[in-house]
Amino acid sequence: MDDLSKLNAAQRDAVTTLSGPLLVLAGAGTGKTRVITVRIANLIRHGVDPERILSVTFTNKAAKEMLERALAQLGGKPKRKPWISTFHSFCVRVLRQDIEELGYPKNFTIYDRGDQESAARRALRDLRVGEKQMRPADLVNRVSQWKSQGVLATDASDHVEHDGDVVAAMGYKKYQSILKSSGSVDFDDLLLLTNRLFHEHPDVLEKYQRRFDHVQIDEYQDTNGSQFDLIEALVRGHRNLCVVGDDDQSIYGWRGADISHILKFPQVFPGTKVVRLQENYRCTEQILGLANSLVRHNRNRHEKKLFASRSVAGSVRYREYENEELEAETVVREIEFNLRHERAKSDDYAILFRTNEQPRVFEVQLRRFKVPYLLLGQRSFFDNKEVRDLLAYVRVIAQPLDEQSLLRIINTPARSIGDTAVEKILARAVARKVRFFDAVPSLRDEKEITSKSATAVEAFATLLTDFRRRFEEAPKRMAETFHELLETINYDLEIQRQYKEPDQQLARQGTIEQLIDTIKDYVANADEPSLSGFLDNVTLSDRDSESDKDEQLKQRGVRLMTIHSAKGLEFPRVYLVGMEEGLLPHRRSVDAEGESPESIDEERRLCYVGVTRAKDSLTLTRAQFRKKWGKLRETIPSRFLHEMFDELPAPTDEVLQEEITEDGL
DNA sequence: AAGGAGGGTTTTTTT
DNA sequence: AACCCTCCTT
């Protein structure tokens, strides 16, 4: 069990400072999580009511771990617990109480990335903007940036920064009206609407201000404008705010995170006490040396000098290969050799890369050499077509306004409702300002749609209403009712129709079983199960059976992941591959360098995060030639190599398997 | 409806 | 190179 006496002086200082604004500058591998949990326990030990502590983390996985650790500190499971969650989950709970004040339905649904893109596609189509001018994904990103800065749809045209923004601003308006009329919100709305709620309804804000005496924020370097506003409002009365973070690890600027929040914290909250955690327990001296000399090249940062507590000689290598296939092959051969000689477990290895196209070649080689591996952060279970279809059913049932989900499933499985009929109904619904299903009778009377279609649509409406009632009447039987729904719509038949191969059919059916299990888990653990509650869990990925990533990390195998998703993790042996200009730093950031030089700083921090994941050994690699869009191109070594080694290092000689032994890896 | 040919496009990172 | 969309044929 963690204990005050086991902490170093700086950690103890952070843990025992219990009131007023506190900034804990925690470098990589300096025991940040430990400080946060021990501090929560310490607050409670000093008589603070656990329920008056709010601690905000970056992921639900982190929240869960932190709660467990904090409770373990206090011994046993007390009745009153601190509120530990992500910003998003916090906002959902606030909004489920009071969102009606803002004209949204209480059972709003949350749109995830896929839904956002469909909505954006519809918005652009309504504006008659071709995908050449703006892709849905670009609109979603731009809208997200605006929202994270608190810019509303109506004001976006005043915040135009470049040519494309004119279309984006119009798209934003359309997109937002699609969401609102669907009774839906997106991720950014959760924060934005909570802020609006607090702003327009001071009584609601006051309720939460009174609720918490102490607030802690983890990963503060990655907070965006909305998140800052939220926190600032909550702690205004007492300013008992402790933020923990590392400005050198701010890598989510593209998502609206604003590094200036951590840089300016002491100015924004006068009287701030600053504690620096600089003793690194993770990396060897050599690895930390590289990280330090790299990040020194960033100008806007809090000065920190990390020092290693482990004096073990670590191994840092740099290697070049002719092309990306050789890069992958050699890395995998080396891992395979070491595994065979029982020097290591496969779990000890991580291969980190910048973009999601890079792991493919590695996968080929890992399969070839029969090395177990896990590819993390790829499409999750919930991106599956079947799962998305069926969740669309659940959504339409939970939220009748959700037209977008309705359109997804109205003819899946096929029930003779053709595209023409759907379009006519939609047009009529818009023209007469009525709901989709209410537009059917007049069209049928006018013979605009065939009576066959009309009957099919009406039957479907009845089916939905019927199931809505059944889910509401027996929330505990959610899984069973869902099963009945599957039978009623005959989804099995749809699978058999779509997939001819028997093993494919089995796999798809397995997926559906998994979905049913998720529902069962949810019902078993929820105090008051409801369809909206289930959907919240799914979308915010704090599913009860833990997130996909967490689940996967328990398995054995070499870890393959982007540097972004490796944040917060550590591995004994790390390969940081593709150290090339255009990849790390990524070409998009290099292109943007002229306008905003900070774009490279974030890439540098990303490289820093990658390097500091390694505990014992770090291998940096580069391919001299790399294929892009089917064309072979010569590459340039990443500028970060020069910065880390002072000058471009001569590649470590091609290490043959026999020589690895001498390396004493 | 389903499947194939042809043509155009794509790649940053994700709570 | 791989993917997706559209249009065409069955």
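Leaving aside its neighbours within four places in sequence, which residues is R354 in contact with? They are T562, H564, L583, L584, H586, E603 and L606, where contact means heavy atoms within 4.5 Å.

This is a predicted model: local features need pLDDT of at least 70, side-chain atom pairs count only at pLDDT 80 or more, and totals for chains, interfaces and linings use all residues. Residues are numbered from 1 along each chain as its sequence is written, chains are lettered from A and ligands numbered from 1 in the order in which they are written, and side-chain values use heavy atoms, without hydrogens and water.

**R354**

R354 sits in the loop between β12 (349-353) and α15 (359-368). Helices (H or I, at least four residues) and strands (E, at least two) are DSSP runs, numbered from the N terminus. R354 has a relative accessible area of 18%. It therefore counts as buried (under 20% relative accessible area, with exposed over 50% and partly exposed in between; 1.4 Å probe, protein chains only). Its side chain makes a polar contact with the side chain of E603 (2.8 Å).

**DNA strand B**

R354 is also among the closest residues to DNA strand B, with F58, N356, R497 and R588.

| Protein atom | Atom of DNA strand B | Distance |
|---|---|---|
| F58, polar backbone atom | sugar or linking oxygen | 2.3 Å |
| W254, polar side-chain atom | base oxygen | 3.2 Å |
| E357, polar side-chain atom | base nitrogen | 3.1 Å |

A polar contact is a pair of N or O atoms within 3.5 Å; within protein, one must be able to donate a hydrogen and the other to accept it, and residues adjacent in sequence count only if both atoms are side-chain atoms.

Definitions and conventions
Near = heavy atom within 4 Å.
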